[in-house]
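This report is for a reader who is new to the structure shown below.

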Amino acid sequence: MAIRVNPKLIDELEVYGAEDVQNCYHCGNCSAVCPFSKEPYIFPRRPMRYLQMGLEDKLKGSLEPWLCYYCGQCSEECPRGAEPGETMMSLRRWLTSKYDFTGISRAFYKSGKVELFTVIGAALLTALGFVLWAVLRGGDINSYDGPNAFLPAASIHIFDWALAGVLLALLLTNCGRMWWFTLGRDKQLRTPFWLYLKKLYLLPLHFVTQKRFATCERKRPWAVHLALVVSYLIMLVLIMFFLDLMWSGPEIDWRVHVFGYIATVGLLGTTIFALRARLKKAEPLYAHSHETDWIFLILLIFAAFTGILQHILHRVGFDAAANVTYIVHLMGVVPMLGLEVPFSKWSHLAYRPLAMYFSAIRAEAKERAEKEAVEPTLAAQPVA
Amino acid sequence: MRTGVFIVQANEEGLEGVNLHAVELYAANLPHVEKVRNLGVRPRLDPLALAEEIKASGLERVVIAGDSPGFFKPVFTRAMALAGADTDEVRLASFREHGATGMGTPRAESIVACAVYGVPFPLAARPGTTATVPGTLIIGGGVAGIQAALEIADAGKPVYLVERQPTIGGHMAMFDKTFPTLDCAACILTPKMVAVGQHEMIDLMTYSEVEDISGSPGHYKVRVRKKARHVDIEACVACNTCSEVCPRSASSEFDSGIAARKAIYIPFPQAVPNAYVLDEASCLYFESGGEKCGVCAKKCPKECIDLTEKDQIVEFEVGNVVIATGYDVYDATKIERYGYGKFPNVITALEFERITNASGPTGGKIVTKVLRHNKRKKVDEWVLDPEGPPPNRVAIIHCVGSRDAQHNPYCSRVCCMYSLKFAHLVREKLPEATCYEFYIDMRAFGKGYEEFAERIQAEGTYVVRGRTARIVEENGQMVLKGEDIVQDRMVDMPVDLVILAVGLVPARGSDRLAAMLGIARDEDGWFSELDYNSDPTDTERGGVFVAGACQAPKDIPDTVAQASAVAAGVLKSVNTGRGLDSRADLSLSEIEARARSLARV
Ligand SMILES: Cc1cc2nc3c(=O)[nH]c(=O)nc-3n(C[C@H](O)[C@H](O)[C@H](O)COP(=O)(O)OP(=O)(O)OC[C@H]3O[C@@H](n4cnc5c(N)ncnc54)[C@H](O)[C@@H]3O)c2cc1C
Ligand code: SF4
Ligand code: SF4
């Protein structure tokens, strides 16, 4: 099979954040210190090599970047300052843009400005839409819930489900493309259907526990990440299934609100931690920040703060202010979910568990094929 | 000739002490310079765009100035061709090559001026000559110092050889075999050492250090401190009686610390001068302020031990100075992940040299250390016992401390080759053992070296591409972790002996010497030569030469060649009575004027 080489690939990766790939001289230190690098997925050195050689297709089909959690040990021990950890991060961004068929992701990663303007545009559109809709249907700005509510919970609920449906469709399409690049189009690999079933349990397992991340020597990033994921999930469940209970008031409904509080603390705490760490470049993971990372964090913190504010305003009886704040809140949440989930950083919530799932399938398929074929060669053969 | 000056930088920091902005301004004021542009750090240049620029300014000559401007010569040559200009008029102003490191902005400016005038820098910056007295001081008695001393002394000229160890020989004296010929190191070196010891033209001062050098080229006043040796070199017959009775021991420097010596000792039996030395730091007599012991002095049959001897200062004048201070090896404890100092059977290359040396502590047997109970100290110790177990699996790790942004950026040049030599020695002495070399790139650069590398591989040494990441202990067994990048496998291998191919660093005290002599060192600490290509043995200071590994890591053949070249330079000045003056003293305007007259502008 002919292999296409893209000599510009290494330059293209620069906008995604990988700047020092060329420094690598392939000593293999990084792969050996990486707690995740296990046969048959040896990284980060191998992807560094692919990049240097411009093997775009190989990279597009590789799962390795998703198996890396950026604990940063590789970058710390790299004798050449080639920043293998950052390269893996950039590859994740690059892959995200490759999985995305709309090209929006690519535009975001290539230019922070484009993303920023899109986010602002989406926010304004959201505000405009909701205000228009509320005014047209004769909602009362002074009423937060009940029949006259400016924005009735039931309608918001429908909107949420509609948005979720669109996002899911986009994300699933991208996931489908990921499958095609990494497993589907590989004709040499025989992956029977039962293998997919056999490994299916891995998907929810990794999604919920993030347990691979815990393999890192440093436990803090994993703990922070887990807290973020759990908080986010709680919030998602509350909003998608219990919005009306959340909405009612002004009394606090402890059955749902207590979870809301826990999730808010989790979201806010982890976001502030991440912001501080990025500013201080505290750990390798936080040392290099792409523009998209900042936008993501700012949106998150914006959504959390406005969410808290509208909650308080509603509880203390300032319904008009609560309504306005809620719209502002939506101005943060809608772009955050609508743009980040399918096209940017948040998509990794799907890609990572998927990669874990695919990689297990791939590894087993390969192993079976190898068993059928020849004896494996020994490591370190003498040159005779 | 309409000239454009383009400045390139190899890194953000630029060369130490060179103000690039000042250089730009200076260049802009030189005659015929139409354009000066700083292209920044490692620029990516487009020949078409450059050609446009060249055409637009009507340039007939371009000067690429900077750290290593040669990198950009091809793209500029292409651009000149595209612009229809003379491609021979791409001139380089190489700061590094012509010693701007340490010499500051004026030097960089004069290098640019010469390039702008189209005159080779060494030609314009040739210093004048000065009257020179015949004596030569050589600092350092390794193979470089020995070779230079013999060449000069054999020509009948006086030499003062100052060595800070009690014996001459340097590192080479510690080796068993030398690559790539696998000759016996001692067989080559010992006769030369003896010749130095006996030479009537060589005043050998061992256990001595140069304290001060003053004066000017051709007339250097030298003050040397001869440390009290407490043993009369002439009278000592090396009978070993004193060592036998001495109650004190310390670790042997010559055996790189893997064996002990007494407080009064001889580094090795072939030492030159062949006499014992009393080390005050480990001696009981000195520790007790003269109260205790002193038994060696009483027992010495020749009565040549003088416990009251004091340091001696000697002063003399020389015309030339040769620096031949060699190197030290990189401190392996700085690289924690290899576990040196933690695992007893992780050793450095110099330690291995001593283990495999027939005159070393194990009599040349390659063994691993074993845990023994020391009854006197009541502790368990790892000891090197000649009867100890030989290793089954030996791993040699290349580039330890070299080619590493976190340690030394440079290649130490000899480690690949000596590692292959080690593999050969292991396989020769322990045919049952497996030997692995973990390398990044195999640098077999010299005559017969590639063939040597091939031969070692053919002997059955496993050569694995991929530097080891770490040594760990798993269930009491040392395990080596790394990646085999050719086989695309992770390496996770139990090993019994790990040899670290430590890199070379400038000898301790080089900074002091450089300051004393007023010569520069490069960013890695090696002494800077006058001109990388055309004067690799001279320095900025007239009458001061560099030989051997102190100028840059090098192997023995190169060291010896450079030492002989130095001797030629020294003899030229001694024979004519006139030597070169210091280039360091030439001012910018002098060099510029000279370049101008040579170029006739
Ligand atoms: C483990 C190992 C194995 C090697 N094997 C080989 C080989 O097989 N073949 C080969 O070609 N090369 C080999 N080399 C390289 C070889 O050792 C060097 O090329 C050679 O020793 C350089 O000689 P030198 O005289 O310049 O330096 P050195 O041998 O280092 O001698 C310098 C001398 O100067 C003295 N000195 C230093 N500072 C002062 C001072 N301030 N005042 C007075 N005296 C001072 C030192 O005590 C020393 O005696 C090996 C190197 C290593 C580390
Ligand atoms: S540690 Fe650095 S130089 Fe070595 S293989 Fe990894 S990225 Fe390349
Ligand atoms: S005087 Fe010092 S050197 Fe002599 S025997 Fe005693 S301890 Fe050893």
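Where is the place of B:Glu303 in chain B? B:Glu303 is in the loop between helix 10 and strand 17 (312-318) of chain B. Helices (H or I, at least four residues) and strands (E, at least two) are DSSP runs, numbered from the N terminus. The phi angle of B:Glu303 is near 50°, a positive value in a residue other than glycine. At 68% relative accessibility, B:Glu303 counts as exposed; the term exposed means over 50% relative accessible area, buried under 20%, and partly exposed in between (1.4 Å probe, protein chains only).

This is a predicted model, in which local features need pLDDT of at least 70 and side-chain atom pairs count only at pLDDT 80 or more, while totals for chains, interfaces and linings use all residues. Residues are numbered from 1 along each chain as its sequence is written, chains are lettered from A and ligands numbered from 1 in the order in which they are written, and side-chain values use heavy atoms, with hydrogens and water left out.

**Backbone angles**

Most residues other than glycine have a negative phi, and most peptide bonds are trans. B:Ser256 also has a positive phi, near 40°, and is found in the loop between strand 13 (249-251) and strand 14 (260-262) of chain B. A cis peptide bond joins A:Glu39 and A:Pro40, with omega about 0°; A:Pro40 belongs to the loop between helix 2 and helix 3 of chain A. In chain B, the bond from B:Phe179 to B:Pro180 is cis, with omega near -10°. B:Pro180 lies in the loop between strand 8 and strand 9 (183-184) of chain B.

**Ligand shells**

A residue is near a molecule if one of its heavy atoms lies within 4 Å of it. Of the 34 residues around ligand 1, B:Glu163, B:His171, B:Tyr327, B:Lys421 and B:Lys554 come nearest. Among the elements that each supply at least two residues of this shell are helix 6, helix 12 (415-429) and helix 15 (556-576) of chain B.

| Residue and part | Distance to an oxygen atom of ligand 1 |
|---|---|
| B:Val143, backbone N or O atom | 3.1 Å |
| B:Glu163, side-chain N or O atom | 2.6 Å |
| B:Ile556, backbone N or O atom | 2.7 Å |

The protein covers 97% of the 1000 Å² of accessible area that ligand 1 has on its own; such areas come from the Shrake-Rupley method with a 1.4 Å probe, and for residues only the protein chains shown count as cover.

How do the residues around the ligands divide by type? Ala, Val, Leu, Ile, Met, Phe, Trp, Tyr, Cys and Pro count as nonpolar, Asp, Glu, Lys and Arg as charged, and the others, Gly among them, as polar. The shell around ligand 1 has 16 nonpolar, eleven polar and seven charged residues. Around ligand 2 there are 14 residues, and the closest are A:Cys24, A:Cys27, A:Gly28, A:Cys30 and A:Cys78. Helix 2 (29-33) and helix 3 (45-53) of chain A are the elements that give two or more residues to that shell, which divides into nine nonpolar, three polar and two charged. Ligand 3 is surrounded by residues of chain B, including B:Cys246, B:Cys283, B:Cys293 and B:Cys296. The shell around ligand 3 holds eleven nonpolar residues, one polar and no charged.

**Strands of chain B**

Two strands pair if DSSP finds at least two bridges between them. Strand 7 (residues 159-162) pairs in the parallel sense with strand 6 (residues 136-139) over four bridges, and B:Leu137 stands opposite B:Tyr160. Strand 7 also pairs in the parallel sense with strand 10 (residues 202-205) over four bridges, where B:Tyr160 stands opposite B:Asp203. Both faces of strand 7 are covered: B:Val159 and B:Leu161 on one side and B:Tyr160 and B:Val162 on the other are all buried.

Strand 26 (residues 470-474) and strand 27 (residues 477-484) run antiparallel, joined by five bridges. Their hairpin has two residues between the strands, and B:Asn475 there takes a positive phi near 50°.

Conventions: Polar contact = N/O pair within 3.5 Å; in protein donor to acceptor, adjacent residues only side chain to side chain.
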